Amino acid sequence: MSGRDHARDFAVSLPQHPQYRRRRLAVVRWHISLCYASIGMGNNVEKALIDAHLPRPEPRWHLVLSAVISVLTASTSTIAVSAVDAGQSGVPAWVFPLNVAATASPPAYDDRKPLRVPNSNVTFTEAQLNDLFDAPDWRPTSHGAMPSIVSRGRPPDVYACGYCHTAGGQGRPENASLAGLPSGYIISQVADFKSGARKSAWRGLYRPADRMIHAVTHATAEEISAAADYFAAQSLRPRVDVVERARVPRSDVIGWVYVAERSGGYEPLGERLLEFAPDAIRHENRDDEMRYIAYVPPGSIDRGKHIAQAGADSPANACTSCHGPKLCGVGLIHPIAGRSPTYILRQILAFQTGAR
């Protein structure tokens with residue numbers, strides 16, 4: 001399907017009353033101006049770009065301590081991407097990268113060959129890395145002692161929390177970083193999952209969210225409290241480098257995240273926000289130290305920072321008025337600094353569409 005066809009589908013999916021369309025887009029343009037702070041960026045941006053075979057950023061990037069993203073909804077630009085699934089939720093499809101469905105029964109996971117990741121002396125087999133009831137822990141000394149619900153879960157329905165959110169709660173782009181979130185906030189969100197008050201903004205099959213809802217529905221109050229207290233006590237290590245680019249690598253999807261196509265090539269980013277794993281193998285092996293790259297349109301960071309700090313020219317208050325001057329949270333209002341920008345985007349869209 002051509003970019004023009006995608007643009008046509010997106011336009012058709014919007015209500016046709018001109019006043020409604022203008023008002024909706026104005027509100028969405030604010031609500032998806034995301035607050036994201038990249039802490040301790042150092043030389044990781046440069047390294048990530050080298051890994052991705054892109055030109056190095058301007059030197060000023062090494063001075064950025066707070067990167068706040070402003071991302072607009074999918075427009076009618078002629079980009080060859082699926083702009084929106086009008087039959088489901090009106091949410092841009094690129095926000096939820098979906099794994100390609102298997103066409104045949106996949107082979108059994110290898111349970112013999114030891115696998116490794118950088119900066120770890122631990123080994124796991126492929127079978128172990130895909131066991132929902134045994135959270136891979138590449139760096140056991142980087143976090144506190146895990147309660148059983150985090151490390152093992154409770155078969156057959158309560159998966160190990162640390163399998164998806166990682167042993168230390170660092171998370172990945174397709175799910176939440178839980179490290180450092182207030183315990184009470186985690187408990188309240190789990191309650192919302194159980195009651196149906198919180199759902200994914202994507203109304204089709206999305207395994208990360210579906211697994212979360214399935215697991216917490218069967219978890220006990222004691223298990224949820226133990227997991228919440230554990231994750232609240234951990235420290236978040238920001239793992240995303242935000243890079244402004246007009247053109248980005250052409251992409252595939254592996255493990256619910258974008259990766260550069262092996263054949264190479266570039267495409268226009270348009271008004272999307274795409275978070276890439278620079279190393280597909282480390283992502284698949286659930287390495288909780290690998291840094292991701294979030295590509296955003298040129299000018300996003302300055303605009304997002306202005307909105308987050310001042311709230312000017314928008315229909316809402318500054319992000320800092322609730323989440324604190326450094327976006328590190330206030331009481332039960334959770335921190336958003338240093339967390340995955342695409343994860344935050346999904347939650348803003350969930351609020352905007354009524355899924356949360």
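Contact here means heavy atoms within 4.5 Å, and helices (H or I, at least four residues) are DSSP runs numbered from the N terminus. This is a predicted model, in which local features need pLDDT of at least 70 and side-chain atom pairs count only at pLDDT 80 or more, while totals for chains, interfaces and linings use all residues. Residues are numbered from 1 along each chain as its sequence is written, and side-chain values use heavy atoms, with hydrogens and water left out.

Helix α7 meets two other helices, as the table sets out, with axes fitted as lines to C-alpha atoms over the stretch in contact and angles running from 0 to 180 degrees between N-to-C directions.

| Pair | Axes come within | Crossing angle |
|---|---|---|
| α7 (residues 183–195) and α9 (residues 221–232) | 8 Å | roughly 140° |
| α7 and α8 (residues 207–218) | 9 Å | roughly 100° |

In helix α11 (residues 300–310), S300, I301, G304, I307 and A308 are buried, that is, under 20% relative accessible area with a 1.4 Å probe and protein chains only. These residues lie on the same side of α11 because they cover an arc of only 135° around the axis, taken from the directions from the helix axis to the C-beta atoms. Just after α11, G311 takes a positive phi of about 70°.

Conventions:
Buried < 20%, exposed > 50% of the residue type's maximum accessible area, 1.4 Å probe, protein only.
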